[in-house]
Amino acid sequence: MARRRIIAGNWKMNKTPSEAVALCAELKDLVKNDDVDVVYCVPAIDIVPVVEAVKGTNVHVGAENFYIVDSGAFTGEISAPMLKDAGVEYVIIGHSERRDIFGENDILINQKVKKAFASGLTPILCCGESLALRKADTYKEWIERQITWDLDGVTADQVKKLVIAYEPIWAIGTGETATADQAQEVCGLIRSLIAKLYDQATADEVRIQYGGSMNAGNAAELLSKPDIDGGLIGGASLKPDFGKIVNA
Ligand code: PEP
């Protein structure tokens with residue numbers, strides 16, 4: 001079945017609110033494409049101005065993180081109802097920077113996936129191996145374990161709406177991209193795993209992105225692969241190049 005392409009920018013900890021609004025204006029005409037879901041995942045403080053700035057365009061807004069409780073004494077956190085009320089549709093979960101720098105483990109990531117669905121947010125669930133695991137040739141087992149844990153208790157109907165981002169850590173922010181064949185190998189493996197954990201219809205619907213130094217020069221080849229339905233883009237999402245990736 002034809003899956004709709006999804007190109008999401010991960011702005012990370014970049015852009016003040018006024019810079020964020022300026023970037024939306026700069027990208028507005030460049031990211032036009034009715035055949036692609038375009039998402040800006042932005043820092044929490046940029047969400048409200050970015051939702052306002054992209055009104056009437058084809059851009060959807062995502063968050064980069066949230067906590068699993070609706071409200072209460074969780075200093076510094078932001079909840080799913082807050083994101084929903086602000087107009088957020090997607091949320092990145094399990095990014096390697098949250099796993100490695102902020103110590104998020106698969107138990108919390110699994111809770112976040114379930115909470116996001118229960119709150120009407122679409123998770124962009126990240127997985128990916130380190131350079132050491134790639135060199136040790138144990139990356140396939142690692143990815144399978146991450147996805148199996150992260151989706152524990154998630155229903156087939158939810159997985160049909162899920163976005164999974166395969167992001168080899170050695171390719172994030174390094175300028176080193178996985179080759180299109182390397183990316184396809186793992187994205188295909190993830191789809192086969194979803195067929196095994198759920199069924200073929202679910203595997204046919206789940207959307208799988210590649211992320212890791214995707215740019216205007218390499219996007220078309222990566223996106224031509226049968227199991228790569230889009231991209232999660234860090235550095236290049238802050239530049240006019242993002243428009244070229246959307247239209248690759
Ligand atoms: C990311 O962090 O999600 C990412 C893919 O970053 P970059 O494109 O900069 O490698």
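Hi everyone. A helix here is a DSSP run of H or I at least four residues long, numbered from the N terminus. With that in hand, let's start at helix H12, residues 241-246, which holds both Lys244 and Asp241. Bear in mind that this is a predicted model.

Lys244 and Asp241 sit three residues apart, about one turn of the helix. Their side chains meet in a salt bridge, at 3.6 Å from N to O. Is Lys244 buried or exposed? Lys244 is exposed, because its relative accessible area is 53% and the cut-off for exposed is over 50%. Asp241, at 23%, counts as partly exposed.

How many salt bridges does the structure hold? There are 18. One of them joins Arg207 to Asp37, with the closest N and O atoms 2.9 Å apart. That pair links distant parts of the chain: Arg207 is in strand S7 and Asp37 in strand S2, 170 residues apart. Both Arg207 and Asp37 are buried. Glu104 and Lys112 form another salt bridge, at 3.0 Å between the closest N and O atoms, and these two are buried as well. There is also a network of salt bridges linking Arg3, Arg191, Asp227 and Asp229.

Now over to helix H7, residues 139-150. Which residues of H7 are buried? They are Tyr139, Ile143, Gln146, Ile147 and Asp150. These cover an arc of only 90° around the axis, so they lie on the same side of H7. The buried residues of H7 pack against several elements, including helix H5, strand S5 and helix H9. Thanks, all!

Methods: Residues numbered from 1 in each chain as written. Predicted model: local features only at pLDDT ≥ 70, side-chain atom pairs only at ≥ 80, totals over all residues. Heavy atoms only, no water. Buried < 20%, exposed > 50% of the residue type's maximum accessible area, 1.4 Å probe, protein only. Helix = DSSP H or I, 4+ residues; strand = E, 2+ residues; numbered from the N terminus. Arc of directions from axis to C-beta. Contact = heavy atoms within 4.5 Å. Salt bridge = Lys/Arg side-chain N within 4 Å of Asp/Glu carboxyl O.
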